[in-house]
Amino acid sequence: MALRGPALRLLRALLGHTCQQSRSQSVAVLGAPFSRGQKRRGVEHGPKVIRDAGLIDRLSGLDYSVHDFGDLNFHYPEKDEPYMDVKSPRTVGGANKKLSTAVSRAVGAGHTLVMLGGDHSLGLGSAAGHAQQCPDLCLIWVDAHPDLNTPLTSPSGNLHGQPVAFMLKELQNKVPDLPGFSWAKPFLSCRDLVYIGLRDVDPGEYQIMKDLGIQYFTMRDIDRLGIQRVMEVTLDHLMARKQRPIHLSFDIDAFDPLLAPATGTPVNGGLTYREGMYLTEEIHNTGLLSVMDLVEVNPVLGASDEAVQATASLAVDVIASSLGQTREGAHPILFYLSVKCNNVHPVLVYMGMNLNPF
Ligand SMILES: NC(=[NH2+])NCCC[C@H](N)C(=O)O
Ligand SMILES: [Mn+2]
Ligand SMILES: [Mn+2]
């Protein structure tokens, strides 16, 4: 029998603790209603529409204790002139600093955290706060875009297209000091990052991905290999040396715009519903998910109420699937697993109880 997420978590709980394992039974939800990382207003309402689509009930139904931490309040400096061509650097930097503190606190308190954006510039603060608690984290960035521009390569000046550049140690001397970003020290090595779903990559981003040898899967790669193989290679790549906490940063525009129309930078030819569910099921099955972001749901951009509802309810499905909702149903009572502990005692574990050590 395959080891499933709950089984793996249980096994790890028996064998000892690392950063994320103590927090698997408690999920915290944190809203980040922020839109200044790009030009289109409305994405600040993402947390509200995702909650209204039933997020909290869905997570409570998965046997977690769910703590809704509400929404962060961001500060908007009166004057925030562009720096080079980068828009609203102080506002975006300050918001991300605040978010990183909140994420770090929640993770430190033992929760698995779900961060609801807001635009994807927030990926920086979220992952940076996570890294404060879990310096060995790895990052899975599911997106039509790599969001890897530096302030110098960005064609738009929008910071939601740049968060990953601020994270990577290897880009340290390619990223200028931006007002509002002095707190942001790079914390991630490029071998600890995998992209999935890419189909709109700027020239500067392509250059960086190639120069640094970043592992990425475009939609073409998913067409060729299938999502099963893509997830296998992704997890093998990230866990090759050791098991580590996962930060999943999920941009809703990874999905095809037919499924997720209410978003600011849609690109045709995205993930199918089934690919999205398989991807997130596999992440859950590692038992290593520690923080996830769900960003770029913009209800103002839906052509109709149905379009907005479809996008928000897809976001809820992605989060629920990442946290253990399965398509095969849940059978906790029948759940058992046989493990050989320390090569000595096979132990039968039944519903979290050690029934039969022999
Ligand atoms: N998080 C996003 N939706 N990012 C879109 C980025 C688009 C473009 N590559 C840019 O840098 O402006
Ligand atoms: Mn993005
Ligand atoms: Mn995107």
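1. Asp136 and Lys242 form a salt bridge, with their closest N and O atoms 2.9 Å apart. The term denotes a side-chain nitrogen of Lys or Arg within 4 Å of a carboxyl oxygen of Asp or Glu. Asp136 sits in the loop between helix 5 (122-133) and strand 4 (138-142), and Lys242 in the loop between helix 9 (227-239) and strand 7 (246-251), so this pair ties together parts that are 106 residues apart in sequence. Helices (H or I, at least four residues) and strands (E, at least two) are DSSP runs, numbered from the N terminus. Asp136 is partly exposed at 24% relative accessibility, and Lys242 is partly exposed at 39%. Buried here means under 20% relative accessible area, exposed over 50%, and partly exposed in between (1.4 Å probe, protein chains only).

2. On the basis of the values: this is a predicted model, in which local features need pLDDT of at least 70 and side-chain atom pairs count only at pLDDT 80 or more, while totals for chains, interfaces and linings use all residues. Residues are numbered from 1 along each chain as its sequence is written, chains are lettered from A and ligands numbered from 1 in the order in which they are written, and side-chain values use heavy atoms, with hydrogens and water left out.

3. A second pair is formed by Asp192 and Arg241, whose closest N and O atoms are 3.6 Å apart. Asp192 lies in the loop between helix 6 (163-167) and strand 5 (193-198), and Arg241 in the loop between helix 9 and strand 7, so the bridge ties together parts that are 49 residues apart in sequence. Asp192 is buried, at 9% relative accessibility, whereas Arg241 is exposed, at 55%.

4. Within helix 9, Glu232 and Arg229 are three residues apart, which is about one helical turn. Their salt bridge has its closest N and O atoms 2.6 Å apart. Glu232 is partly exposed, with a relative accessible area of 32%, and Arg229 is partly exposed, with 36%. Elsewhere, Arg51, Asp68 and Asp71 are joined into one network by salt bridges that share partners. The whole structure holds twelve salt bridges.

5. Not counting residues up to four places away in sequence, Glu275 touches Met219, Ile222, Ile227 and Gly270, contact meaning heavy atoms within 4.5 Å.

6. Tyr273 also lies in helix 10 and is partly exposed, with a relative accessible area of 35%. Leaving aside neighbours within four places in sequence, Tyr273 is in contact with Phe255, Leu259, Leu314 and Asp317. The C-alpha atoms of Tyr273 and His67 are separated by 28 Å, the two residues being 206 apart along the chain.

7. The lining of the second largest pocket comprises one nonpolar, twelve polar and nine charged residues. In this division Ala, Val, Leu, Ile, Met, Phe, Trp, Tyr, Cys and Pro count as nonpolar, Asp, Glu, Lys and Arg as charged, and the others, Gly among them, as polar.
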